[in-house]
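Reader: I have a structure open and would enjoy walking through it with you. Shall we look at it together?

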Amino acid sequence: MKWQRIPLGILQTNCYLLSDENKECIVIDPGEEGEKLLSIINAQKLKPIAIFLTHAHFDHIGAVDSIRDTFHIPVYVHKKEAAWLSDPVLNGSEIFMMGKAVRQKPADQLITQESHLSIGSFNFDVFETPGHSPGSISFYVKELNVVFAGDALFQNSVGRTDLPAGNHQQLISSIKSKLFTLPDVTMVLSGHGPETIIDHEKRNNPFL
């Protein structure tokens with residue numbers, strides 16, 4: 001099993017492809033540039049089986065329907081942001097994209113609580129990590145010692161909370177009570193920028 005990071009769109013939002021030895025893969029946060037992402041998937045002969053969304057801000061969902069419709073696969077999102085996929089006010093595109101509304105079809109699967117999620121050969125522990133947005137979730141893969149944390153935690157920083165429904169204290173609590181309980185060697189794969197390590201953030205992150 002391996003992962004790769006693909007920055008997409010004007011905000012260079014990290015999309016991740018998590019694949020196994022059979023070339024099946026999970027697509028995490030396909031934010032924009034659907035044709036580019038499809039080209040990469042096809043060039044590597046990957047076979048997507050699901051789309052996971054850490055949250056539903058516009059820069060994380062822009063290529064959802066392009067990937068979903070091509071491979072006929074389900075989209076997973078937290079129930080608190082189910083309406084965000086089709087609402088450009090909630091997902092922020094109406095404000096930040098200057099009228100270029102992002103609308104995607106409803107998710108196929110709603111995550112309602114923290115749980116263990118298995119699909120194909122992939123196993124995840126799902127953590128609710130709100131604060132950046134109310135339905136932010138993180139996907140921990142114990143086998144690889146990695147957590148896909150969306151915009152909750154970055155290298156030496158944390159997610160912004162000045163967007164609608166953001167909550168700084170809730171975000172800090174989410175990081176400390178959920179992400180910081182993971183092993184110190186866990187690699188954090190963030191929604192923007194490079195990867196980091198839990199131990200590094202515990203010792204060096206000025207927000208924490």
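Reader: In which order do the strands form the open sheet?

Author: Happy to start there! This is a predicted model, where local features need pLDDT of at least 70, side-chain atom pairs count only at pLDDT 80 or more, and totals for chains, interfaces and linings use all residues. Residues are numbered from 1 along each chain as its sequence is written, and side-chain values use heavy atoms, leaving out hydrogens and water. Helices (H or I, at least four residues) and strands (E, at least two) are DSSP runs numbered from the N terminus, and two strands pair if DSSP finds at least two bridges between them. The pairing in this open sheet of 6 strands is mixed, and the order is 1-2-3-4-5-6.

Reader: Which residues of helix 3 are buried, and on how wide an arc do they lie?

Author: Buried means under 20% relative accessible area, exposed over 50%, and partly exposed in between (1.4 Å probe, protein chains only). In helix 3 (residues 64-71), the buried residues are Val 64, Asp 65, Ile 67 and Arg 68. They sit on the same side of helix 3 because the arc they cover around the axis, taken from the directions from the helix axis to the C-beta atoms, is only 165°.

Reader: How many disulfides does a search of the whole structure find?

Author: A disulfide is counted when a pair of cysteine sulfur atoms lies within 2.5 Å. The closest cysteine sulfur to that of Cys 15 belongs to Cys 25, 8.8 Å away, which is too far for a bond. Cys 15 is buried with a relative accessible area of 0%, and Cys 25 is likewise buried at 0%. The number of disulfides found is 0.

Reader: Which residue in the turn between strand 7 and strand 8 has a positive phi?

Author: Strand 7 (residues 115-119) and strand 8 (residues 122-128) pair in the antiparallel sense over 5 bridges, with Asp 125 as the bridge partner of His 116. The two strands form a hairpin with 2 residues between them. The residue with a positive phi, about 60°, is Gly 120.
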